[in-house]
Amino acid sequence: MKMILVRRFRVLILMVFLLACALHIVLDLLPKLERRAARPSGEPGCSCAQPAAEAAAPGWAQARGRAGEPSAAGDAGWPNKHTLRILQDFSSDPASNLTSHSLEKLPPAAEPAERASKGQEPGAPRPRDPAHKPLLRDPGPWRSAPPPGPSGDGSLLARLFEHPLYRGAIPPLTEDDVLFNVNSDIRFNPKAAENPDWPREGAEGEELLPTGEVALDSYPNWLRFHIGINRYELYSRHNPAIEALLQDLGSQKITSVAMKSGGTQLKLIMTFQNYGQALFKPMKQTREQETPPDFFYFSDYERHNAEIAAFHLDRILDFRRVPPVAGRMVNMTKEIRDVTRDKKLWRTFFVSPANNICFYGECSYYCSTEHALCGRPDQIEGSLAAFLPDLSLAKRKTWRNPWRRSYHKRKKAEWEVDPDYCEEVKQTPPYDSGHRVLDIMDMTIFDFLMGNMDRHHYETFEKFGNETFIIHLDNGRGFGKYAHDELSILVPLQQCCRIRKSTYLRLQLLAKDEYKLSLLMAESLQRDRVAPVLFRLHLEALDRRLRIVLQAVRDCVERDGLRSVVEDDLDPGHRTSTER
């Protein structure tokens, strides 16, 4: 009798184990079964059924197939997934590109574009997505900038970039001044992937170099962007890879999606068919909506259009310290739900009472059914910011902003109560030497023009030490209020009374009618796929805030004198290795 009970107990344990295995398999196959169930009718709409030609789109089980086994016909000829791992971390772990020091974790870093085959110039305005519909009402007439001609004729931006203030050269670069040495740090050889048919983004049929390696122009645009980073700039003024990368962000096929860990609001890490990665911030507010007056700066929404506008503003100011950002309309089912391997993200998808596809993910703020992100019916607008090189290849140092806010409802930071705070900062490394203080002033002006109060940390590339520029990351809380100018953002400039001569002259130039900042921004932003990016009143606020900045500098000059306020960085005799 005892033996019978023991045998029955063993059988029971085995049955429980088999049941658990079966349940696990069913949960893994659930997304695929749901997609198949949605396809039979082939009707468009919220079901978002894929056409027959796209039936091979990768799901959880197909997204990362075996080497040499393409997931679809369009993937034929692509290398093994490990081919580029030495260049960028493509782990689905969202923490793979994060630093560990910031209050809110800062981001690091479609098929090939067909524009060339259609005869479109790289600098020409990008075509709008058919699904994109403007989400704002223009309250009145707005003088728009003339569209750029094929050779830049009639383009205000083209005339600006031809101005002498935008044609200064950086010092000659040595091996210590570039982030990557192309000959040793970065090598991409199609033979190493055992696949000589790597679909390069340059001209097809391009021959290999005598060494057997691919020419630099044949690298993916995200890699060309990474290779171009140096001690003085994130990208050069006329780097063709930047415009090409902006096109890639809006058109490359999305093959994998994962939630970014850390941070207060939902962000997604998207991996493309060419192995590039970008940070996706979905649309949360329409263009004309302002930040509610009762919101603290640390609980404000992160706006996707602010990220896009920040990149263009940074380039117009000639800082070039914001990674490329582009807008995009994303299909929430085909390009997020069906390709994600993040089960926590997948389980938050649902269909709203209005029959729209929605999801909310996991984060500290605004990740609930009440704050869900819903498509129309499954199209959602967002920004895609190109990743910086992976931290395993190019370490970055995170610095606490000296003028960081308290992030408290009642307490104030030291700089808010001590008018001589800057003197203390200038006695503390790295602000006691070099040009880091001037970099902070540039960042202060940049943030004030946007109305961004959320600059708690900043980053630099560790390789370059303290003699390099500040990376302007995480700009989503800018452009929240067009009717209010937050003067406290300007306190660093008012306390230190220091500014680069090049920055000062460019600000004066952008205040003139012939180079009006708002018109330049309007022209630059109209090339984005989700244009109009900024509400008209935000553009007008840029001109108003620019006048406030210039008045603050004039007040400093009247008090301390021109020579002590304006640092001459244009005279070669005064240029040092610490200048950008």
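1. The model is predicted, so its local features need pLDDT of at least 70 and side-chain atom pairs count only at pLDDT 80 or more, whereas totals for chains, interfaces and linings use all residues. Residues are numbered from 1 along each chain as its sequence is written, and side-chain values use heavy atoms, with hydrogens and water left out.

2. The chain holds 15 helices and twelve strands, where helices (H or I, at least four residues) and strands (E, at least two) are DSSP runs numbered from the N terminus. Of its 580 residues, 53% count as buried, a word that stands for under 20% relative accessible area, with exposed meaning over 50% and partly exposed lying in between (1.4 Å probe, protein chains only). The accessible surface comes to about 26700 Å², and 54% of it belongs to carbon and sulfur atoms; such areas come from the Shrake-Rupley method with a 1.4 Å probe, and for residues only the protein chains shown count as cover.

3. Side chains of opposite charge can pair when their charged atoms come close. A salt bridge here is a side-chain nitrogen of Lys or Arg within 4 Å of a carboxyl oxygen of Asp or Glu, and by this rule the count comes to 28. One of them joins K281 and D474, with 3.0 Å from N to O; this pair links distant parts of the chain, since K281 is in strand β3 (residues 277-282) and D474 is in the loop between β10 (457-461) and α11 (491-496), 193 residues apart. Both K281 and D474 are buried.

4. Two further salt bridges can be set side by side. R455 and D447 meet at 2.7 Å, N to O, and R455 is buried with a relative accessible area of 6%, as is D447 with 4%. E567 and R498 have their closest N and O atoms 3.0 Å apart, and because E567 lies in strand β12 (residues 566-567) and R498 in the loop between α11 and β11 (499-500), the pair ties together parts that are 69 residues apart in sequence. E567 is partly exposed, with a relative accessible area of 25%, and R498 is also partly exposed, at 23%.

5. A network of salt bridges links E233, R237, D318, R320 and R506. R506 is one of the buried residues of α12, and because seven of the ten residues of this helix (residues 501-510) are buried, α12 is largely enclosed by the rest of the structure. R320 lies in the loop between α5 (304-316) and β4 (325-331), is buried at 4% relative accessibility, and has a positive phi of about 55 degrees although it is not a glycine.

6. F479, in the loop between β10 and α11, likewise has a positive phi, near 55 degrees, in a residue other than glycine, and F479 is buried with a relative accessible area of 2%. P377 is placed in the loop between β7 (373-374) and β8 (379-386), while P430 is found in the loop between α9 (421-425) and α10.
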